[in-house]
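I opened the model to look up two things, and I am keeping the entries in the order in which I went through them.

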Amino acid sequence: MNPRQITIDAYNYPLPDERIARHPLAQRDACKLLVSDGTSTADHIFNELPALLPSDAMLVYNNTRVINARLRFSKSTGALIEIFCLEPHTPADYEQAFASTGRCSWQCLVGNSKKWKEGELTMDVDTRAGHTTLLARRLPLPVAADRSQSIEFVWDNPDVCFTDIIAAVGEIPIPPYLNRRSEASDSTDYQTVYSHIDGSVAAPTAGLHFTPALLEAIDRRGIERRELTLHVGAGTFRPVKSERIGEHDMHSEFIAVSRTFISDLADAAGQRPVVAVGTTSVRTLESLYHIGRLIASGKWNGELPQWTPYDDTDSTPDAAEALRAIVAWLDSRADDTLMARTRIIIAPGYTYRIVSAIITNFHQPQSTLLLLVSAFIGDAWRDIYTHALDSGYRFLSYGDACLFFPPQQ
């Protein structure tokens with residue numbers, strides 16, 4: 001199947017507003033867990049996960065941390081201008097951008113932009129490192145296709161870094177479909193317990209169900225836990241507006257994966273089940289295979305194009321060989337981390353190369369995330385979602401979870 005011809009209407013389903021979870025459960029791992037291989041479906045509780053995973057599994061999760069990406073400036077006229085920081089522009093490196101003192105620029109979405117036609121926005125900020133005045137100004141650069149623009153931030157206290165500023169006055173950017181403002185509790189609720197690399201504007205929400213106690217139970221079972229980084233962009237919420245998937249422009253996201261992990265993953269490929277926590281982990285792991293193929297063929301340029309998996313269907317090299325090609329390339333450059341961008345779209349017609357099982361939430365109708373799930377579990381997704389709706393499951397970011405195994409052949 002060529003996913004370009006898929007019509008998005010085929011991935012619609014009725015989602016009543018009352019089934020969207022507005023807040024998480026008080027106990028993260030007490031949520032429901034639906035387990036299915038596309039043939040049989042069973043209802044569990046998330047804290048039962050360790051016993052449901054193969055004992056020799058490698059559990060892979062995304063360690064990204066959601067930043068306080070929303071900055072609200074008040075003009076002297078009373079107009080409120082919201083600047084939503086998407087990703088760093090100068091410096092482009094996330095770590096350097098957060099550590100910047102004095103100035104940095106970000107690619108941003110601007111809310112109520114018509115009220116900010118010219119001049120600078122200002123805000124007084126009290127941070128843990130001291131007081132500063134923050135200025136925001138538009139840079140004379142073209143507006144991007146996603147309507148984002150380059151905004152420069154300047155502040156006058158050299159002891160204050162950009163991380164201090166957003167920690168002090170930024171707001172956590174909860175998903176728009178929650179239809180509410182951020183609350184103080186979201187600063188904790190909308191982070192995974194293992195997050196520690198700043199950069200996302202949306203949480204890898206399948207990971208929100210894990211608790212320290214559950215991770216300890218996974219360790220006691222002997223299941224190996226590994227981490228990678230994909231900084232989730234606002235594009236994850238962008239609906240598919242075109243009738244056919246082939247007309248949808250997939251967003252680009254930054255990934256970082258250690259050489260050591262890629263080498264160990266190569267050893268595991270085809271030998272042990274690799275369980276991905278969340279669609280962001282799936283996207284990163286599957287991107288690694290295609291990046292390795294491009295490296296091996298001398299075609300890698302730093303970003304994985306959207307349609308690569310479908311335009312080049314050669315099944316060689318296998319997963320282990322592709323991963324080892326990345327390791328050899330990193331060694332040739334004396335690098336210990338692969339840093340790249342991926343635009344890959346995973347939709348029905350895609351062949352999974354790395355991922356053996358997926359832990360995920362229930363996704364929005366007509367979304368690219370639902371396409372990813374369908375590519376793994378097949379047409380059974382509709383019966384599974386119907387069962388979940390009939391059985392009282394909670395949907396979307398703060399909702400319940402699924403554990404999917406590949407359909408039996």
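Predicted model: local features only at pLDDT ≥ 70, side-chain atom pairs only at ≥ 80, totals over all residues.

Residues are numbered from 1 along each chain as its sequence is written, and side-chain values use heavy atoms, with hydrogens and water left out.

Entry on the sheet. I found six strands in an open, antiparallel sheet, ordered β5-β6-β7-β10-β9-β8; strands are DSSP runs of E with at least two residues, helices runs of H or I with at least four, numbered from the N terminus, and two strands pair if DSSP finds at least two bridges between them. Because β5 (70-74) and β8 (121-127) are the edge strands and have a single partner each, one side of each lacks a neighbour in the sheet.

I then looked at one pairing, where β7 (residues 103-111) and β10 (residues 149-155) run antiparallel over six bridges, with C108 opposite Q149 in β10.

Entry on P365. Which loop holds P365? I located P365 in the loop between β17 (357-361) and α10 (368-377), and at 24% relative accessibility it counts as partly exposed, the class between buried (under 20% relative accessible area) and exposed (over 50%), with a 1.4 Å probe and protein chains only. Leaving out residues up to four places away in sequence, P365 touches Y11, N12, Y13, L15 and L370, contact meaning heavy atoms within 4.5 Å. I also checked P365 against A203: they are 162 residues apart in sequence and 19 Å apart in space, C-alpha to C-alpha.
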